[in-house]
Amino acid sequence: MAQLGIVPETAVKAVRERGNFNVERIDEIERETRHDVIAFLTNLAEYVGPEARFVHQGMTSSDVLDTTLSIQLSQAIDLLIADVDLLLAALKRRAEEHRHTLTVGRSHGIHAEPTTFGLKLAGHWAAFRRNRDRLVQARREIATCAISGPVGTFASVDPFVEQYVADKLGLQVEPVSTQVIPRDRHAMVFSVFGVVASSIENLAIEIRHLQRTEVREAEEFFHPGQKGSSAMPHKRNPVLTENLTGLARLVRGAVVPAMENVALWHERDISHSSVERMLAPDATVTLDFALSRLTGVVDKLLIYPERMKANLESLGGLVFSQRVLLALTQAGISREAAYTLVQRNAMKVWHEGGSFLDRLAADPEVTIPREELAHAFSYDFYTKHVDDIFARVFAE
């Protein structure tokens with residue numbers, strides 16, 4: 001404003017040299033004025049003196065508050081991106097470590113076909129790499145500035161001032177700000193936070209399942225001296241990942257209120273304000289903590305390849321059922337008939353135990369020799385493209 005000749009340079013000098021504030025005094029003034037920005041400006045004037053009359057000239061409260069919130073959210077997202085980078089590094093290291101560690105893939109929680117533990121982690125790495133991109137876009141979305149005066153017409157403040165402030169703060173100008181920065185921007189940011197939280201929970205639930213007593217393929221690091229239960233000394237509980245599941249719910253809880261903040265009366269109301277004063281610090285701090293906690297869990301995760309192998313073999317070879325089905329169709333049997341043959345023998349193993357290969361070889365309707373059937377019972381078939389997938393996932 002001084003560059004435009006609206007405010008004297010002496011006022012700028014006075015504000016820079018004498019400008020100060022006291023939070024307790026601001027609170028005291030606000031108890032009377034019932035207005036936070038006016039309380040701040042009044043307290044500032046007590047330090048600056050007569051030149052304070054040039055402060056906030058032509059502006060409205062949202063010019064200050066909304067631009068400030070944009071800065072705060074931008075800086076918070078910078079911290080969250082750094083958190084994700086640390087998590088990505090941990091996931092990649094553990095994925096490479098177990099690139100070829102055999103384990104059973106599950107669908108509906110039931111044994112499906114063999115995979116590797118490294119592929120599991122690579123999938124989660126890819127999800128968080130997408131989340132990083134989303135956070136970068138969210139930062140770009142929210143890094144916007146509004147210094148446009150009452151109802152956003154620039155009647156009392158020149159657009160030059162808005163551009164000047166935006167350049168100084170590393171923000172973009174809001175093309176049309178009414179009297180507030182449009183809340184669809186904020187809704188997008190909190191929606192991204194919700195997606196990141198869901199990815200956290202997705203990995204946390206995987207670890208919780210793998211730590212179940214009946215599975216025991218992986219578990220959270222158990223510190224020396226740690227206690228799992230006040231009553232049962234043998235317990236080793238997945239407390240960190242259970243905690244992460246709960247934290248994810250909290251972060252996602254911010255999404256719907258942020259969406260509802262988009263619909264404001266006319267050029268503005270302040271129904272969004274009380275919501276954001278709670279959501280912004282709570283969601284960002286909680287997500288920051290959750291990402292850090294998950295990184296620690298992944299970094300120290302205890303992984304048991306032998307247990308994975310035992311579980312993989314626990315059904316006597318049923319995980320090879322599709323390969324047997326395909327082998328029978330290649331031998332000239334219709335898919336329907338082949339499916340019936342394979343399922344009939346698989347159900348015998350399911351209920352009675354034993355070897356799936358032995359059952360098939362003893363079935364007179366299975367015309368493929370045992371030696372050829374045995375070729376279908378190879379783990380190498382399922383891992384032959386693991387390196388290709390890793391190359392594709394970690395191409396960057």
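The radius of gyration is taken here over C-alpha atoms, and the globule rule used for comparison is 2.2 Å times the number of residues to the power 0.38. By that rule a compact globule of 396 residues would have a radius of gyration near 21 Å, whereas the protein has 31 Å. This is a predicted model, in which local features need pLDDT of at least 70 and side-chain atom pairs count only at pLDDT 80 or more, while totals for chains, interfaces and linings use all residues. Residues are numbered from 1 along each chain as its sequence is written, and side-chain values use heavy atoms, with hydrogens and water left out.

**Overall form**
- Along its principal axes, the C-alpha trace of the protein spans about 100 × 50 × 35 Å.
- The protein contains 17 helices and 6 strands, where helices (H or I, at least four residues) and strands (E, at least two) are DSSP runs numbered from the N terminus.

**Burial and contacts**
- Of the 396 residues in the protein, 43% are buried, a word that means under 20% relative accessible area, with exposed meaning over 50% and partly exposed in between (1.4 Å probe, protein chains only).
- Among contacts (heavy atoms within 4.5 Å) with a separation of 6 or more, 72% are accounted for by residues 24 or more positions apart.

- Leu326 lies in helix H12, which covers residues 321–330, and is partly exposed, with a relative accessible area of 37%.
- The C-alpha atom of Leu326 is separated by 25 Å from that of His100, although the two residues are 226 residues apart along the chain.
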